[in-house]
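Student: I have a structure open and would like to talk through some of its details. Can we take it piece by piece?

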Amino acid sequence: MIDICCIGHITLDHIITPHSSTILHGGTSFYFSNAIAHMPHCNYKLVTSLASSEMKAVHEMRNQGIDVDVIESQHTVVFENKYGHNMNNRTQRVLAKADPFTVKKLQHVTARYIHLGSLLADDFPIEVFPFLAQKGILSVDAQGFLRCVEGQKVQPCDWKDKCEALKWVDILKVNEHEIETLTGHKEIEPAAMVLASWGIKEVLITLGSEGSYIYAQEKLHAIPAYQPQQVVDATGCGDTYATGYLYMRSQGASINEAGCFAAAMATLNLEKNGAFNGTLQQVKLVMGQN
């Protein structure tokens with residue numbers, strides 16, 4: 001039995017700054033898979049979809065021991081992230097989109113935990129949710145469902161089918177902006193209560209350096225943020241948090257234990273470029289454990 005299965009597209013990310021241009025692989029599924037590959041005692045599978053021309057990313061993952069199923073797509077998702085001299089100013093475009101994940105393509109998927117790593121609002125049709133909810137505990141990152149493409153430009157949007165989709169979701173990860181978009185509430189607890197009323201059992205709310213909260217069983221759990229030794233690259237931190245949380249829940253950890261472990265993994269991710277490559281022992285050291 002697979003413990004955790006992540007479903008999502010691997011991307012090609014074009015990073016353009018005034019001084020350089022770089023092409024990297026990315027996407028929720030990429031960061032999630034690379035992070036969980038460093039955790040012991042977890043039977044993991046990635047289900048992804050990309051063009052045959054980009055199979056190099058899959059070969060590299062398989063060389064790390066990651067079990068990858070590939071669903072053929074005409075295109076790979078291509079993001080262009082263009083930065084000015086102020087790195088807070090970013091223009092994002094989608095230059096190519098991969099085919100969506102349909103029920104027909106996901107017939108073989110079953111796992112104790114299934115995590116949907118969406119990048120764009122139309123990655124997963126609505127009928128996928130009740131189908132996968134029968135196959136395992138369903139976890140979703142809200143980020144991609146709140147990003148639409150108009151022409152090539154990425155625009156923020158609300159999740160059109162959110163009430164219908166989220167009633168099938170057990171675990172939802174959001175940040176402070178995403179939870180406000182979904183619920184209309186700025187305050188964390190009232191917003192989380194709205195999501196819980198729609199059927200979500202565990203709401204993960206990440207707040208960056210301010211820590212995170214997990215709302216479950218009518219209780220709000222405060223999770224501390226661990227101070228990084230240095231801040232190098234925040235890319236993939238949310239995906240790494242989700243990885244740590246699902247990993248620990250699959251190992252039988254409590255909500256608080258899983259949240260603290262997730263926060264420590266995200267801190268380690270902040271300290272280096274690229275995907276998480278730390279160890280279980282390093283995560284425990286960040287948490288102050290021996």
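Tutor: Let us begin with helix α7, which is mostly covered, 13 of its 14 residues being buried, where buried means under 20% relative accessible area, exposed over 50% and partly exposed in between (1.4 Å probe, protein chains only). Helices (H or I, at least four residues) and strands (E, at least two) are DSSP runs, numbered from the N terminus. This is a predicted model, in which local features need pLDDT of at least 70 and side-chain atom pairs count only at pLDDT 80 or more, while totals for chains, interfaces and linings use all residues. Residues are numbered from 1 along each chain as its sequence is written, and side-chain values use heavy atoms, with hydrogens and water left out.

Student: How far does α7 reach from its first C-alpha to its last?

Tutor: Helix α7 covers residues 237-250 and reaches 20 Å, close to the 20 Å expected at 1.5 Å a residue; the expected span is 1.5 Å times one less than the number of residues. Just after α7, Gly252 takes a positive phi of about 95 degrees.

Student: Which residues other than glycine have a positive phi?

Tutor: Gln217 has a phi near 50 degrees, and Glu218 has one near 65 degrees. Gln217 sits in the loop between β14 (212-216) and β15 (219-223), and Glu218 is found in the loop between β14 and β15 as well.

Student: Are those two buried or exposed?

Tutor: Gln217 counts as exposed at 77% relative accessibility, and Glu218 counts as exposed at 72%.

Student: Switching to salt bridges, what is the count?

Tutor: The count comes to 10 salt bridges, a salt bridge being a side-chain nitrogen of Lys or Arg within 4 Å of a carboxyl oxygen of Asp or Glu. One of them joins the side chains of Lys45 and Asp67, at 2.9 Å from N to O. This pair links distant parts of the chain, with Lys45 in strand β4 (residues 44-50) and Asp67 in strand β5 (residues 67-72), 22 residues apart.

Student: And how covered are the two partners, buried or exposed?

Tutor: Lys45 is buried, with a relative accessible area of 16%, whereas Asp67 is partly exposed, with a relative accessible area of 32%. Lys45, Asp67 and Asp69 are linked in a network of salt bridges.

Student: What does Lys173 pair with?

Tutor: Lys173 forms a salt bridge with Asp141, and the closest N and O atoms are 3.4 Å apart. Lys173 lies in strand β12 (residues 171-175) and Asp141 in strand β9 (residues 137-141), so the pair ties together parts that are 32 residues apart in sequence. Both Lys173 and Asp141 are buried.

Student: Which side chain of opposite charge is nearest to Glu178?

Tutor: That is Lys173, 5.0 Å away, and Glu178 is buried yet has no salt bridge; for charge, Lys and Arg count as positive and Asp and Glu as negative, while His and the chain ends are not counted. Glu178 has its place in helix α5 (residues 176-183). Leaving aside neighbours within four places in sequence, Glu178 is in contact (heavy atoms within 4.5 Å) with Ala142, Gln143, Leu146 and Lys173.

Student: New topic: which way do the side chains point in strand β8?

Tutor: In β8 (residues 113-116), Tyr113 and His115 point one way and Ile114 and Leu116 the other way, and all are buried. In a regular strand the side chains alternate between the two faces of the sheet.

Student: Which strands pair with β8?

Tutor: Strand β1 (residues 4-7) pairs with β8 in the parallel sense over 4 bridges, and β8 and β9 also pair in the parallel sense over 4 bridges; two strands pair if DSSP finds at least two bridges between them. Cys6 has His115 as its bridge partner in β8, while Ile114 has Leu138 as its bridge partner in β9. The chain crosses from β8 through helix α3 (residues 128-133) to β9 in a right-handed β-α-β crossover, right-handed meaning that, with the strands pointing away from the viewer, the path from the first strand over the helix to the second runs clockwise.

Student: Last one: what stands opposite Lys82 in β7?

Tutor: Thr91 does, and strand β7 (residues 90-96) pairs with β6 in the antiparallel sense over 6 bridges.
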